[in-house]
Amino acid sequence: MIIDSHAHLVTPQSLYAIWPVIQVSNGLHDNIEPNVTDEEIKACADRNIAIMDSVGTDMQLLSPRPFTLMHSHQRVADVQKWVKLNNDTIKRTVDLYPTRFRGVAGLPQVAGQPISIVFDEIDRCIDELGFVGVLLNPDPGEGDGKTPNLADKYWYPLYEKLVEKDIPAHIHSAACCGRETYSEHFISEESLAITSISRSTVFEDFPTLKLMISHGGGSVPYQVGRWRAQRQGYDTKSSGFDNKKKNHSETFDDILRKFYFDTVLYNKESLELLFKIVGPDRCLFGTEKPGSGSAKDPNTGRDYDDLKPVIEEIEALTQEQKDQIFEGNTRSMFTRLDKFLKENNM
């Protein structure tokens, strides 16, 4: 079975039409609802399934499109309503094709607000709607530089809830209003998620916490030597650090292997490096298709995000390891998904 762990809702255009109304009404019209018909949702789902079938994907885990989530918008009620509408649309899509899609919940994060404001939506999506995980934005300020990184105690109430309910979190930033485009911001935040947690006690405090880092871990696999050296070696005073030997019982690689990673890299050599650095047992097949990789590779004639044949061609992987990447690791991380698949003999 081929499970795409990183996919986003193909969103009906009528859903997007409601956001400007929510924003400009400033809470005066809380009963506003979008007119998203079942026919529109089915048409979007059918287009997506046709794409999945064309590349041999059996199931996708759907989350909202991150750059649309509006986490830097300051009115909490607006963000809560908007994210809820996105999650409801995912639920309607899943209900149409429950063996092809499962839901990963967007969270109504708002810059400057305590992370606990997302708890009600987590409970609703997991316990009532049957979603299998959540999408976590490490920078709800969307480039304002004010949100603490994922090592900070700010996030601990969320980690406690995720561990208590056995909910995996897919780390994926959203929009960006700073110097970066949102695509560039993705890589920055994914890298920072890993390096900041590696310097912390997060995995000591929450040893069963499940975090999947988008896009193959950002820049970290490529820059792994730098992070190994900074953890284990000497830092010079000239670079702003104390010139003292660091004593760590765990290496950077030990901590790196406590994360999970998707395969959304669109490049064979990058995938080979990822598997070598973190191990194929920590990697989940993901394509984000259709998305930023849906363009023709002139060297192969396939879309860049048609990653199944790319992984199949990697000679260093055994068939067992490929099966882990395509299916087994995702079922292990997303236990609610595994339960659903077993109940349906899949």
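Student: Which strand is G106 found in?

Tutor: Happy to start there, with a note that this is a predicted model, where local features need pLDDT of at least 70 and side-chain atom pairs count only at pLDDT 80 or more, while totals for chains, interfaces and linings use all residues. Residues are numbered from 1 along each chain as its sequence is written, and side-chain values use heavy atoms, leaving out hydrogens and water. Helices (H or I, at least four residues) and strands (E, at least two) are DSSP runs numbered from the N terminus. By that naming, G106 is found in strand β3.

Student: Is G106 buried or exposed?

Tutor: Buried means under 20% relative accessible area, exposed over 50%, and partly exposed in between (1.4 Å probe, protein chains only). G106 has a relative accessible area of 0%, so G106 is buried.

Student: How many Å apart in space are G106 and P64, C-alpha to C-alpha?

Tutor: G106 touches P64, V83, N87, E121 and L135, not counting residues up to four places away in sequence; contact here means heavy atoms within 4.5 Å. G106 and P64 are 42 residues apart in sequence, and their C-alpha to C-alpha distance in space is 5.9 Å.

Student: Which residues of α5 are buried?

Tutor: The buried face of α5 packs against α4, β3, β4, α6 and α14. Just after α5, G130 takes a positive phi of about 80°. The buried residues of α5 are F119, E121, I122, R124, C125 and I126.

Student: What relative accessibility does I122 have?

Tutor: I122 has its place in helix α5. Apart from residues up to four places away in sequence, I122 touches L107, D127, V134, L158, K161 and I167. I122 counts as buried because its relative accessibility is 0%.

Student: How many residues does the largest nonpolar core have?

Tutor: A nonpolar core is a set of buried Ala, Val, Leu, Ile, Met, Phe, Trp, Tyr and Cys residues joined through side-chain atoms within 4.5 Å. In soluble globular proteins, nonpolar side chains tend to be buried together. Here I122, L158, Y159, L256, F259 and F261 have the most contacts inside the largest core. The number of residues in that core is 63.

Student: Which helix gives the largest share of this core?

Tutor: The largest share is five residues, and they come from helix α11 (residues 268-278).

A second, separate core has 18 residues, including V104, V132, F334 and F340.

Student: Which residues of α6 are buried?

Tutor: Helix α6 covers residues 156-165. Its buried residues pack against α5 (119-128), β4 (133-136), β5 (169-171), α7 (182-198), α8 (202-205) and α14 (335-343). Those buried residues are Y156, L158, Y159, K161, L162 and K165.

Student: What positive phi does D166 have?

Tutor: D166 is found in the loop between α6 and β5. At 30% relative accessibility, D166 counts as partly exposed. Although D166 is not a glycine, its phi is positive, at about 55°.

Student: Is E142 buried or exposed?

Tutor: E142 lies in the loop between β4 and α6, and has a positive phi of about 55° although it is not a glycine. Its relative accessibility is 3%, so E142 counts as buried.

Student: The side chain of R100 reaches the backbone oxygen of which residue?

Tutor: R100 is found in the loop between α4 (76-96) and β3 (101-106), and R100 is buried, with a relative accessible area of 17%. Not counting residues up to four places away in sequence, R100 touches I49, M52, D53, T57, D58, M59 and Q60. At 3.0 Å, the side chain of R100 reaches the backbone oxygen of T57.

Student: At roughly what angle do the axes of α13 and α14 cross?

Tutor: Axes are lines fitted to C-alpha atoms, for helices over the stretch in contact, and angles run from 0 to 180 degrees between N-to-C directions. The axes of helix α13 (residues 319-333) and α14 come within 5 Å and cross at roughly 115°.

Student: Which residues of α13 and α14 make the contact?

Tutor: The contact is made by T330, R331, S332 and M333 of α13 and by T335, L337, D338, L341 and K342 of α14. That list, then, runs across both helices, α13 and α14.

Student: Which peptide bond is cis, with omega near 0°?

Tutor: Look at P290, which lies in the loop between β8 (283-284) and α12 (308-312). The cis peptide bond, with omega near 0°, runs from K289 to P290.

How values were computed: A polar contact is a pair of N or O atoms within 3.5 Å; within protein, one must be able to donate a hydrogen and the other to accept it, and residues adjacent in sequence count only if both atoms are side-chain atoms.
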